[in-house]
Amino acid sequence: MSESPGSKKHDPALEAAQAALAAEHAAVYGYGIVGARVGEARQTEAREAHDAHRARRDAMWRSVRSLGGTPEAASAAYALPFPVPDEGAAVRLAAELEGRLAAVYADLVRAATGARRREAAAALREAAVRAVRWRGGSVAFPGLVERAPRTGAGNSPDGASKRL
């Protein structure tokens, strides 16, 4: 039985890639906030993370296209998970962004194969390392939400949400 025109077969790799793209859009936005509030000592770190996430976002855009999907555009703005009035909050936001990215890349590792899986694993590793740097400590299973410490009701990395 063939699919009707316009219908899409359920593709876990495409769904996970779209979620990773959405998370990268949010991270690029979030690092704009981080960079504006973080102290001078961490400006370079924030700028490097921002640049890395722009590159990952562009790579995920291409990945979604190569999987036959239409990449979702970034939102004009994203709701922050908490107020970010100062440097301490900016550092917490950076750690939160990286933790959520690790979670969506863990999902992509589970759903993908081959080179796409290797790239997702590399992105997961990079996000976990950045999270440790921002947080000042690590979690036992980076990217696994069910193993991460709970930070409140909104800690799910829901790619459909326009929240950071």
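**Exercise 1.** In this predicted model, find which residues leucine 101 is in contact with, leaving aside its neighbours within four places in sequence.

*Solution.* Step 1: set aside the residues within four places of leucine 101 in sequence. Step 2: keep residues with heavy atoms within 4.5 Å. The contacts of leucine 101 are then Ala23, Glu24, Ala27, His53 and Ala127.

**Exercise 2.** Describe the largest nonpolar core and name the elements that give two or more residues to this core.

*Solution.* Step 1: the largest nonpolar core has 21 residues. Step 2: Leu101 is among those with the most contacts inside this core, together with Ala20, Met60, Val104, Tyr105 and Leu108. Step 3: two or more residues each come from helix H1 (12-37), helix H2 (43-66), helix H3 (87-111) and helix H4 (114-135). Step 4: a separate second core has 15 residues, including Ile33, Val84, Val91 and Trp134.

**Exercise 3.** State how many cavities of 30 Å³ or more the structure holds, and describe the lining of the largest cavity.

*Solution.* Step 1: there is 1 cavity of 30 Å³ or more, and the space in the largest cavity is about 30 Å³. Step 4: at least two lining residues come from each of H2, H3 and H4. H4 gives the largest share, with 4 residues.

How values were computed
Residues are numbered from 1 along each chain as its sequence is written. This is a predicted model: local features need pLDDT of at least 70, side-chain atom pairs count only at pLDDT 80 or more; totals for chains, interfaces and linings use all residues. Side-chain values use heavy atoms; hydrogens and water are left out. A nonpolar core is a set of buried Ala, Val, Leu, Ile, Met, Phe, Trp, Tyr and Cys residues joined through side-chain atoms within 4.5 Å. Buried means under 20% relative accessible area, exposed over 50%, partly exposed in between (1.4 Å probe, protein chains only). On a 1 Å grid over the protein atoms alone, a cavity is a set of points where a 1.4 Å probe fits but cannot get out, and a pocket is an open set with protein on both sides within 12 Å along at least five of seven lines; lining residues have an atom within 4 Å of a point. Grid points are joined across faces, edges and corners, and a volume is the space filled by probe spheres set on the points.
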